[in-house]
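Me: I am new to this structure and would like a close look at one part of it, the contact between chains. Could you start there and then lead me outward to whatever lies around it?

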Protein chains: 2
Amino acid sequence: MAKPFVTASDVARRAGVSRSAVSRTFTEGASVSNEVREKVLAAAQALGYRVNRLAQTLNNSSSNLVGVVGANLSSPFIAKQLDMLSLALLRRGQQCLLLNAADARSDIAPLIDLIFEFRARAIVVLSGEPPSSIVEECLANGVKLIVINRLLDRSDTDMILSDDVHGSTLVAERLLAGGCRKAAVVRSGSRTPTQTRRAETFIRVMAERGVETAVWEGSVTSYETGAAAAHSVLADPSIDGVFCVTDLLALGFLDAARHDLGRRVPEDVSVIGFDDIPQASWASYRLTTVAQPFEALTDAVLAALDHTAEQATIRTIPVTLIERATARVMAEAVPA
Amino acid sequence: MAKPFVTASDVARRAGVSRSAVSRTFTEGASVSNEVREKVLAAAQALGYRVNRLAQTLNNSSSNLVGVVGANLSSPFIAKQLDMLSLALLRRGQQCLLLNAADARSDIAPLIDLIFEFRARAIVVLSGEPPSSIVEECLANGVKLIVINRLLDRSDTDMILSDDVHGSTLVAERLLAGGCRKAAVVRSGSRTPTQTRRAETFIRVMAERGVETAVWEGSVTSYETGAAAAHSVLADPSIDGVFCVTDLLALGFLDAARHDLGRRVPEDVSVIGFDDIPQASWASYRLTTVAQPFEALTDAVLAALDHTAEQATIRTIPVTLIERATARVMAEAVPA
DNA sequence: TTGAAAGCGCTAACAA
DNA sequence: TTGTTAGCGCTTTCAA
């Protein structure tokens with residue numbers, strides 16, 4: 001029923017050459033005479049011929065598709081990652097097979113299965129955790145598995161991690177430097193390793209310096225969750241320093257603190273985020289936060305794709321504290 | 001060099017059946033005995049076999065891949081569209097081949113070409129305009145072409161348009177109802193048809209009611225461009241109503257107006273946007289804007305995909321004015 | 001219900 | 001440089 005596409009045979013017939021001549025014309029560095037090439041190109045042009053990648057990759061037994069699995073594709077952090085990654089892949093001649101995992105909790109195994117069916121040689125997991133069985137299969141089939149911000153307990157998977165420990169330490173130290181006496185950490189309930197690592201590190205560093213940290217745990221990672229956190233965390237008026245483990249949470253927190261609760265930030269309470277999403281720098285927020293450079297993240301993925309050694313590697317993305325306007329400096333601290 | 005994937009023959013050999021038996025086991029509604037099916041499934045499981053979609057679609061001559069072309073994938077509006085679309089496609093058994101067009105101005109022809117090479121039966125263009133030659137080829141090959149927010153001058157392409165004319169009229173009327181005496185419209189320089197339609201409609205309606213509209217045109221569609229617009233537009237103190245043709249521009253405008261220029265919104269100047277991106281409802285903005293329901297947009301794409309009549313259709317997405325807090329109401333108007 | 005055989009569109013090895 | 005041939009992994013007649 002569907003109209004068939006033009007094939008190499010059609011072109012060959014029209015150009016009066018063999019089908020291999022056509023194939024060669026479209027193969028980089030194959031030997032074809034100019035005369036034949038011209039004829040083929042003319043015929044192809046006239047017929048609207050395009051190489052069939054499906055058939056092409058049938059020979060190589062694998063496609064140059066890269067499977068990308070992710071959830072919450074419209075959240076600023078993921079969207080930015082996907083944007084940069086898809087562009088970078090395209091530029092190096094790989095195509096992006098995008099599988100939307102809906103939300104962070106969904107099982108991504110069926111999606112990875114799908115990627116297998118398309119004979120992709122690489123899979124990038126932006127969110128969600130691949131079950132161990134999948135990891136095995138990737139290994140068995142020579143499929144490169146790259147996992148972002150998820151530390152799997154195995155040495156056969158390429159992992160890319162933002163430096164959560166260092167970043168969270170920077171946050172704790174910044175808050176302490178601003179005179180923080182009682183802290184809170186805000187996180188979602190999705191219990192991703194990244195969020196857990198950030199929260200735990202923060203709590204530990206604060207505790208080492210004798211500052212107690214309240215933990216608030218919401219449902220999903222969203223602006224609304226951050227806003228809800230403010231209402232409940234700031235009910236304790238002694239809390240003067242808050243670490244929201246992602247910027248999205250921080251922005252919601254900030255808005256609720258200021259607009260719903262009438263708190264001044266940073267005078268009454270300091271708020272620091274993590275990720276440095278574009279909105280964090282907007283004038284209404286000027287959020288002090290920890291930046292994970294998106295370029296470095298993308299570069300790390302590409303490097304992992306190229307990396308062919310048996311042993312997988314863990315790449316850590318360096319982070320920096322971006323000082324903006326939501327963390328109190330010592331001079332502003334209220335006298336004890 | 002790359003390890004070969006497990007094939008149906010491998011499975012057949014292990015199960016002690018023919019390769020066709022294997023094929024049938026994985027084909028919906030084929031006739032296989034339970035006994036054979038069991039053996040095949042067991043062997044497949046043991047070997048980690050997966051159907052090869054590439055080979056599979058070679059027979060059907062087309063894949064169930066849907067090519068999606070878009071630019072600025074991390075801008076909130078596009079990201080949201082992509083998120084919903086990719087999920088919806090997945091749910092109906094189609095896969096999303098994502099091609100990032102980098103920016104709104106780039107030529108998308110090579111990307112569409114790539115989609116052709118993957119033998120997709122449908123292409124969704126989120127941004128950018130497919131050249132006429134491509135449209136012809138889609139038609140010739142029975143490839144469904146769906147273009148969003150771009151009115152091509154032809155009747156053979158499915159188009160999905162937000163109701164820009166109605167939306168912009170609503171904006172103009174709202175501003176007039178608030179007592180607007182002198183207006184401005186802010187747009188990017190990317191000259192997309194959507195932006196042009198919004199701007200022109202607005203100018204026309206305002207003119208019909210005797211209100212003059214200044215036009216400010218920036219470079220790309222971004223928060224920063226919106227902020228730049230505020231600096232230049234508000235240099236004219238008589239301007240008391242501003243229509244930013246997308247929310248992203250509006251948010252930048254709002255922030256610069258308030259934080260850099262010390263203007264009160266809506267008391268000094270009303271600002272209205274278009275799109276209703278998530279950030280528009282954030283407490284720092286509470287932007288009055290025109291909403292295009294994302295669900296309706298996605299539904300329209302799916303409907304267009306299913307639509308098989310010769311004649312393509314134009315689907316218009318209804319819009320509504322979302323009243324929030326950035327447009328002045330009459331009572332607040334300064335006395336004449 | 002099953003297996004043998006042909007063919008989907010392409011590339012690659014081989015001979016000419 | 002060219003055409004012929006075989007085969008990539010699968011589905012689908014066609015007989016059995």
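Reply: Happy to. The contact draws 52 residues from chain B and 52 residues from chain A, where two residues are in contact if their C-beta atoms, placed from the backbone, lie within 7 Å. Before going further, please keep in mind that this is a predicted model, in which local features need pLDDT of at least 70, side-chain atom pairs count only at pLDDT 80 or more, and totals for chains, interfaces and linings use all residues. Residues are numbered from 1 along each chain as its sequence is written, while chains are lettered from A and ligands numbered from 1 in the order in which they are written.

On the side of chain B that touches chain A, at least two residues each come from α4 (53-60), α5 (76-91), β2 (95-100), α6 (109-117), α7 (132-141) and α11 (247-260) of chain B. These names follow DSSP runs numbered from the N terminus: helices are H or I runs of at least four residues, and strands are E runs of at least two. α5(B) gives the most to this side, with seven residues. By class, the side of chain B that touches chain A holds 26 nonpolar, 15 polar and 11 charged residues. Here Ala, Val, Leu, Ile, Met, Phe, Trp, Tyr, Cys and Pro count as nonpolar, Asp, Glu, Lys and Arg as charged, and the others, Gly among them, as polar.

Strands take part as well. Strand β2 (residues 95-100) of chain A runs antiparallel to β2(B), and three bridges join them; two strands pair if DSSP finds at least two bridges between them. Within this pair, C96(A) stands opposite L98(B).

How do the two copies relate to each other? Chain B can be laid on chain A with an RMSD of 0.2 Å by a turn of 180° and a shift of 0.1 Å along the axis, using a least-squares superposition on the C-alpha atoms of residues with pLDDT of at least 70 in both. The copies are thus related as by a two-fold rotation axis. Of the interface residues of chain B, 100% are also interface residues in chain A, so the copies meet through the same surface.

Next, the DNA. There are 26 residues around DNA strand C, and A8(A), S23(A), A55(A), S31(B) and S33(B) come nearest; a residue is near a strand or molecule if its C-beta atom, placed from the backbone, lies within 6 Å of it. Two or more residues of that surface come from each of α2 (19-25) and α4 (53-60) of chain A, and from each of α2 (19-25), α3 (34-47) and α4 of chain B. α4(A) gives the most, with four residues. The surface near DNA strand C has 11 nonpolar, 13 polar and two charged residues.

DNA strand D is surrounded by 27 residues, the closest being S31(A), S33(A), A8(B), S20(B) and S23(B). Here α2, α3 and α4 of chain A, along with α2 and α4 of chain B, each supply at least two residues. The classes near DNA strand D are 11 nonpolar, 13 polar and three charged residues.

One helix of chain A, α3 (residues 34-47), includes E35(A). E35(A) counts as exposed because it has 9 C-beta neighbours inside 10 Å; a residue is exposed with 12 or fewer other C-beta atoms within 10 Å of its own, buried with 20 or more, and partly exposed in between, with C-beta atoms placed from the backbone. From E35(A) to A199(A), the C-alpha atoms are separated by 68 Å.

S190(A) sits in the loop between β6 (182-187) and α9 (193-208) of chain A, and it counts as buried because it has 20 C-beta neighbours inside 10 Å. Leaving out residues up to four places away in sequence, S190(A) touches A104(A), R105(A), V220(A) and T221(A). Its C-alpha atom is separated from that of S20(A) by 55 Å.

Finally, look at strand β5 (residues 158-162) of chain A, where five of its five residues are buried. D158(A), I160(A) and S162(A) cover one side, and M159(A) and L161(A) the other. β5(A) runs parallel to strand β4 (residues 144-148) of chain A, joined by three bridges, with V147(A) opposite M159(A). β5(A) also pairs in the parallel sense with strand β11 (residues 314-317) of chain A over four bridges, and there the bridge partner of M159(A) is I314(A).
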